[in-house]
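Please examine the structure shown below.

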Amino acid sequence: MDYRIKSEIAKCSLCHDAPCSKSCGIGENSRDYTKKIDIARIIRAMYFDNAILAASLLPDDYSERDSRELIYSCPRKVDIPLILKGLQDEKKKLENLSEIGGLKALDSVDISTDICGVKLENPFLLSSSVVASNYEMCERAFEMGWAGAAFKTVCMMDIHEASPRFSAVKTATGKFYGFKNIEQLSDHSVEENMEVFKKLKEKFPDKVIIASIMGRDEEEWEYLARKCTDAGADVIECNFSCPNMEAKGTGSDVGQDPDTVERYTRATRRGTHLPILAKMTPNITDMRVPAIAAIRGGANGIAAINTIKSITGVNIDTLVALPAVHGSSMLGGYSGVAVKPIALRFISEMATCPEIKGHHISGMGGIETWRDGLEFILLGAGSLQVTTAVMEYGYRIIDDLISGLKIYMAQRGYTSVSQLIGAATDSIKENDEVERDTIVFPIIDQDKCIGCGRCYISCRDGGHQALVYSEENRSVRLNGGKCVGCQLCSLVCPVGAISQSKRVVRTK
């Protein structure tokens, strides 16, 4: 997709009650609102990497004149006509989908999965956090299509929270790149939370309730597991990983001690017959060690990752780290798209570990689009949990998580999520097993190149000086004798003008 279109999409605020959708009709009179185009839904689909669905929502009789005034209705003056014009190219991809029956065929695509035998209508769950902390929130999420929720961790502690409790690292357009929280567990009583479980299961018997619990000793772990089981929970999740706990010897302190993990998992098993997931901390060198200990203790699967201890920044005027709480701060849990590479590493390591292989893995950590979720599945996750993206964009992201995954599966002929679970794990090799005797060279598309010279600067100052820049015509050419095929230039290019050659044998 053209870089200018991507830039305009990134500018969109994804408004609630979006004015653009109220301002666009189609046909000879673009003010004929009897035939509206849901512009906001189209752009939201593109924002979340679901361009094929977006193209399908654009009427065949759309013309540019139908949207020419939309720039004036947009609070951020997004060039909506440019975006919609770009969708015409995406419509060509729908031809592939039409061969299998078009978008209606997606209804027959089965994306159901399960957690240790507990059926999920789709892989997407809310993770244990503020997004799943009361009845009204879970009710709304379930009605919108989420398969279930890991309810905010139930405990017997008196929870006191700080204010403010969040901070974020943002991109140039203002979206979260990384997100820090210093929040702890549910501040409702055990009995209040049990009533929520009962009420949710009564109204939504097919939705999955994962009861996240945390105790301070074996007696509390066993008691909480039994209470949640009696209240109708489908799965128990042991929170061995919250990094923000005020009480010492809880949360990630436990997750870093395999012996304690095993002991508390055994206590939980005494309190329930339900499947148990042990939620692991990434604040450790090798997650496999406590994960194996949890399985020894009776866990049926693993949930990972929880948030990473972090400092997101410092206010350089007050000299206080963020978020500032009455003149001080603390290490807090980091999440969002920035942590996805770390989460994927832990998921793949556990999925290929002989002692863990065959046990369910519920993956989380930076999932925002269907593609993110698919990557977790391909590396071994059988279910997916989401928080930060919901906090930023709302429960509505489930629309594109589900439809995006279905379109991918339909286009490639997959009939079950199980066919995808772990399909990419064999591609991860040990360092001494990676092939190092061939090379791929960069190919510069001069028609796309805008002559910015970013690739030249990066290659000159951070690579191997293999690009030559012409000031006369603002163009770049490759010196193949110096190029090592690192592809830094293609990653830096802001307009996608650099691709890869066929792989060739490296010459010495």
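The paragraphs that follow lead through these parts in turn.

The model is predicted, with local features requiring pLDDT of at least 70 and side-chain atom pairs pLDDT 80 or more, while totals for chains, interfaces and linings use all residues. Residues are numbered from 1 along each chain as its sequence is written, and side-chain values use heavy atoms, with hydrogens and water left out.

Strand 7 spans residues 208-213; strands (E, at least two residues) and helices (H or I, at least four) are DSSP runs numbered from the N terminus. Because 6 of its 6 residues are buried, strand 7 is largely enclosed by the rest of the structure; buried means under 20% relative accessible area with a 1.4 Å probe, protein chains only. Val-208, Ile-210 and Ser-212 point one way, Ile-209, Ala-211 and Ile-213 the other. Strand 7 pairs in the parallel sense with strand 4 (residues 148-154) over 5 bridges, where pairing requires at least two DSSP bridges. Within this pairing, Ile-209 is the bridge partner of Ala-149. Strand 7 also pairs in the parallel sense with strand 8 (residues 235-239), over 4 bridges, and here Ile-210 has Val-235 as its bridge partner. From strand 7 the chain reaches strand 8 through helix 9 (residues 218-230), in a right-handed β-α-β crossover (with the strands pointing away from the viewer, the path from the first strand over the helix to the second runs clockwise).

Asn-306 occupies the loop between strand 10 (301-304) and strand 11 (308-310). Asn-306 is buried, at a relative accessible area of 12%. Its side chain makes a polar contact of 2.8 Å with that of Ser-241 (N or O atoms within 3.5 Å, one able to donate a hydrogen and the other to accept it within protein; residues adjacent in sequence count only if both atoms are side-chain atoms). A further polar contact, of 3.4 Å, joins the side chains of Asn-306 and Thr-307.

A cavity is a set of points on a 1 Å grid over the protein atoms alone where a 1.4 Å probe fits but cannot get out, and lining residues have an atom within 4 Å of a point. The volume of the largest cavity is about 520 Å³, taken as the space filled by probe spheres set on points joined across faces, edges and corners. Helix 15 gives the most to this lining, with 4 residues.

Conventions: Buried means under 20% relative accessible area, exposed over 50%, partly exposed in between (1.4 Å probe, protein chains only). On a 1 Å grid over the protein atoms alone, a cavity is a set of points where a 1.4 Å probe fits but cannot get out, and a pocket is an open set with protein on both sides within 12 Å along at least five of seven lines; lining residues have an atom within 4 Å of a point.
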